[in-house]
Amino acid sequence: MSYDIRICVKAEGCDAYPTIAEPAYSSPTYNLGTMFRKCMDWDYNQVEYYKCAFVITRVEHGLKELKNNRDKYLQYNPENGWGDIDGAISVLTSLRQCIYETAETVPIHCLYMHW
């Protein structure tokens, strides 16, 4: 199983969130979930939509943690070998890039991220 990362906007007048972009690494394995939560200091819920202005702060934090404190996160490498720190860095880097690129045409305060 894997996540399905999407960048969305809220449709006016209803509770729909159409997808407008997705990062290059949009389907990371669930096995990285604990590592993501720990490095970003964010206990996200997969079924919720989160404002990208908030998400970007958590992503930046997570990238700094994984790059600067690599040894601290080795314990969260999945035992089955599906996913690792380098993969998590790739996912977060591509998510950051996707948010910033999308925010060039849609204001970041209008963007949402969904796992």
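Helices (H or I, at least four residues) and strands (E, at least two) are DSSP runs, numbered from the N terminus. This is a predicted model, in which local features need pLDDT of at least 70, side-chain atom pairs count only at pLDDT 80 or more, and totals for chains, interfaces and linings use all residues. Residues are numbered from 1 along each chain as its sequence is written, and side-chain values use heavy atoms, with hydrogens and water left out.

View 1. From the N terminus, the order of elements is β-β-α-β-α-α-α-β. The C-alpha atoms fill a box of roughly 45 × 25 × 20 Å along the principal axes. The radius of gyration, taken over C-alpha atoms, is compared with a globule rule of 2.2 Å times the number of residues to the power 0.38. For 115 residues, a compact globule would have a value near 13 Å; the protein chain has 14 Å, which agrees. Contact means heavy atoms within 4.5 Å. Among contacts between residues at least 6 apart in sequence, 67% join residues at least 24 apart.

View 2. Buried means under 20% relative accessible area, exposed over 50%, and partly exposed in between (1.4 Å probe, protein chains only). Of the protein chain's 115 residues, 39% are buried. In soluble globular proteins, nonpolar side chains tend to be buried together.

View 3. Which residues does M40 contact, leaving aside its neighbours within four places in sequence? The partners are R58, V59, H61, G62, L92 and W115.

**View 4. D41 has a positive phi although it is not a glycine.** The angle is about 55°. D41 sits in the loop between α1 and β3 (49-51). Is D41 buried or exposed? D41 is exposed, with a relative accessible area of 60%.

**View 5. T102 lies in helix α4.** T102 counts as buried, because its relative accessibility is 10%. Leaving aside neighbours within four places in sequence, T102 is in contact with I7, I20, A21 and L111.
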